[in-house]
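Me: I have a structure open and have not looked at it before. Can you walk me through it?
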Amino acid sequence: MQLVGTLLLAAAAIGPSLAAATAQFEAPQKVMAGGKAIEVEQPGYASPCLADMDGDGVPDLLVGQFNRGKIGVYKGLRAKDGKLSFGERSWLQAGGADAEVPGVW
């Protein structure tokens with residue numbers, strides 16, 4: 001409990017100075033995979049994330065699809081200059097079939 005209190009005090013002390021910092025972002029751009037822009041179906045809810053799905057040390061991009069709850073996996077590719085890019089989409093597999101996350105509606 002003491003550790004939690006200490007962390008909360010540290011966060012409170014640091015927080016205001018971090019909040020005062022101004023965030024600046026680059027112009028938005030489409031994420032490309034296999035030479036094409038990644039498209040998600042309407043209404044969206046894609047919830048993209050990075051995870052090393054195949055254990056090769058390079059993060060892969062996972063992008064959810066609203067229809068049938070499928071998850072697209074875009075293999076991460078690391079160029080010689082260190083830049084990350086992505087291959088074409090495959091579907092996340094479970095038991096030899098496309099994995100599906102059931103919807104709530």
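Reply: One definition before anything else: two strands pair if DSSP finds at least two bridges between them. With that in hand, valine 63 stands opposite glycine 72 in strand 5. Keep in mind that this is a predicted model.

Me: What does the secondary structure come to?
Reply: The protein has 1 helix and 8 strands. Read from the N terminus, the elements run α-β-β-β-β-β-β-β-β.

Me: What is the average pLDDT of the protein?
Reply: The average is 81, and 78% of the residues score at least 70. Among the elements, helix 1 (residues 2-20) has the lowest mean pLDDT, 50, while strand 3 (residues 49-51) has the highest, 95. Over residues 1-10 the pLDDT is below 50, and beyond near neighbours in sequence that stretch has 0 contacts in the model.

Me: And how should low pLDDT be read?
Reply: Where pLDDT is low, the predicted coordinates should not be read in detail.

Me: Then strand 5 and strand 6: how many bridges?
Reply: Strand 5 and strand 6 (residues 84-91) pair over 6 bridges, again in the antiparallel sense. Arginine 78 stands opposite leucine 84 in strand 6. This hairpin has 5 residues between the strands, and glycine 82 takes a positive phi near 90°.

Me: New topic. How many salt bridges does the structure hold?
Reply: There are 4 salt bridges. One of them joins aspartate 54 and lysine 75, with the closest N and O atoms 2.7 Å apart. Aspartate 54 lies in the loop between strand 3 and strand 4 and lysine 75 in strand 5, so this pair ties together parts that are 21 residues apart in sequence.

Me: What else does lysine 75 form a salt bridge with?
Reply: Lysine 75 also forms a salt bridge with aspartate 56, where the closest N and O atoms are 2.6 Å apart. Aspartate 56 is in the loop between strand 3 and strand 4, so the pair ties together parts that are 19 residues apart in sequence. Salt bridges that share partners join Asp54, Asp56 and Lys75 into one network.

Me: How exposed are those three?
Reply: The relative accessible area is 40% for aspartate 54, 36% for lysine 75 and 37% for aspartate 56. Buried means under 20% and exposed over 50%, so aspartate 54, lysine 75 and aspartate 56 are each partly exposed.

Me: And lysine 70, buried or exposed?
Reply: Lysine 70 is buried, with a relative accessible area of 8%. Its side chain meets that of aspartate 98 in a salt bridge at 3.3 Å, N to O. That pair links distant parts of the chain: aspartate 98 is in strand 8 (residues 97-98) and lysine 70 in the loop between strand 4 and strand 5, 28 residues apart. Aspartate 98 is partly exposed at 33%.

Me: Which residues make up the largest nonpolar core?
Reply: It has 7 residues in all: Ala33, Ile38, Ala46, Leu61, Val63, Tyr74 and Phe86. Leaving aside neighbours within four places in sequence, isoleucine 38 is in contact with Val31, Met32, Ala33, Leu61 and Tyr74.

Me: How much of the whole protein counts as buried?
Reply: Of its 105 residues, 19% count as buried.

Terms used. Residues are numbered from 1 along each chain as its sequence is written. This is a predicted model: local features need pLDDT of at least 70, side-chain atom pairs count only at pLDDT 80 or more; totals for chains, interfaces and linings use all residues. Side-chain values use heavy atoms; hydrogens and water are left out. Helices (H or I, at least four residues) and strands (E, at least two) are DSSP runs, numbered from the N terminus. pLDDT is the predictor's confidence in each residue, from 0 to 100. Contact means heavy atoms within 4.5 Å. Buried means under 20% relative accessible area, exposed over 50%, partly exposed in between (1.4 Å probe, protein chains only). A nonpolar core is a set of buried Ala, Val, Leu, Ile, Met, Phe, Trp, Tyr and Cys residues joined through side-chain atoms within 4.5 Å.
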